[in-house]
Amino acid sequence: ATLFRMRLYDQASVDLILGVKQKLGPLLELRAGGNLKRIQAAQTPEELLDLSPQATGPAQDAWHARMRAFGPQALPPIQQVLRRLGALEDRATRQRIAALLIAELRWQGEAGAQALLACLDDLDDSAAALACVALGLLRFSDGVGKIWERYLWLKTLSQEDHFIGGLWALIDLQERRVAS
């Protein structure tokens, strides 16, 4: 959750990471060539969402750029995929897609925050932690009650550190209860 937050904190953080990737660009693009072309050619948000598993390396940056080009019409399909993501059996793929979609919603302002909050209860604990981070970075105070509840739940899971996502959100939202 902390690394996820760092990557999405502000546009300067995103630009810094992008700059490093661009220096390695030619090498990385060789590995992602076909995926990159398919992502850039996607004509609808749904088509692009189907390509989410291939959005790694430079293809991930292209995926985000293409999704943002669709604007607000992309929000309902993203929300639908997040709600159904728990049915995906492969944990690593599920977590990678969740992080990709949640990161995208982080940059969609209040509409993205509302979409995240609406599907927070449908997310597994790992994805919920990232969603909380994004909601905190969005300063979406309307969600503080749900974030607090999810934080308390995640805190009971002694084997996982997912509660840190909720903690970051509560800190970003300046929630007084977090002091305890």
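Mentor: Let me start with a term: helices (H or I, at least four residues) and strands (E, at least two) are DSSP runs, numbered from the N terminus. The model is a predicted one, in which local features need pLDDT of at least 70 and side-chain atom pairs count only at pLDDT 80 or more, while totals for chains, interfaces and linings use all residues. Residues are numbered from 1 along each chain as its sequence is written, and side-chain values use heavy atoms, with hydrogens and water left out.

Trainee: How far apart are Trp-148 and Tyr-151 along helix α10?
Mentor: Trp-148 and Tyr-151 are three residues apart in helix α10, so about one helical turn separates them.

Trainee: And how are the rings of Trp-148 and Tyr-151 placed?
Mentor: Rings of Phe, Tyr and Trp (its six-membered ring) pair if their centres lie within 6.5 Å, and planes under 30 degrees apart count as stacked, over 60 as edge-to-face and the rest as tilted. By this rule the count comes to two aromatic pairs. For Trp-148 and Tyr-151 the ring centres are 5.6 Å apart and the planes lie at 40°, so this pair is tilted. Ring pairs also link Trp-148 and Tyr-151 with Phe-163 into a cluster.

Trainee: Are Trp-148 and Tyr-151 buried or exposed?
Mentor: Both Trp-148 and Tyr-151 are buried, where buried means under 20% relative accessible area, exposed over 50%, and partly exposed in between (1.4 Å probe, protein chains only).

Trainee: What about Arg-150, buried or exposed?
Mentor: Arg-150, which also has its place in helix α10, counts as buried because its relative accessibility is 10%. Leaving aside neighbours within four places in sequence, Arg-150 is in contact (heavy atoms within 4.5 Å) with several residues, among them Asp-121, Asp-124, Asp-125 and Cys-132.

Trainee: Which residues of helix α8 are buried, and what covers them?
Mentor: In helix α8 (residues 109–119) the buried residues are Gly-112, Ala-113, Ala-115, Leu-116, Leu-117 and Cys-119. Their cover includes α6 (75–84), α7 (91–106), α9 (125–137) and α10 (144–155).

Trainee: Changing topic, which residues line the largest cavity?
Mentor: The lining consists of Leu-82, Leu-85, Gly-86, Arg-94, Asp-122, Leu-123, Asp-124 and Ala-127. On a 1 Å grid over the protein atoms alone, a cavity is a set of points where a 1.4 Å probe fits but cannot get out, and lining residues have an atom within 4 Å of a point. The structure holds one cavity of 30 Å³ or more, and the volume of the largest cavity is about 30 Å³, where grid points are joined across faces, edges and corners and a volume is the space filled by probe spheres set on the points.

Trainee: Last one, where does Gln-54 lie?
Mentor: Gln-54 lies in the loop between α4 (45–50) and α5 (58–70), and with a relative accessible area of 28% Gln-54 is partly exposed. Beyond its neighbours within four places in sequence, Gln-54 is in contact with Asn-35, Ile-39 and Ala-59.

Definitions and conventions
On a 1 Å grid over the protein atoms alone, a cavity is a set of points where a 1.4 Å probe fits but cannot get out, and a pocket is an open set with protein on both sides within 12 Å along at least five of seven lines; lining residues have an atom within 4 Å of a point.
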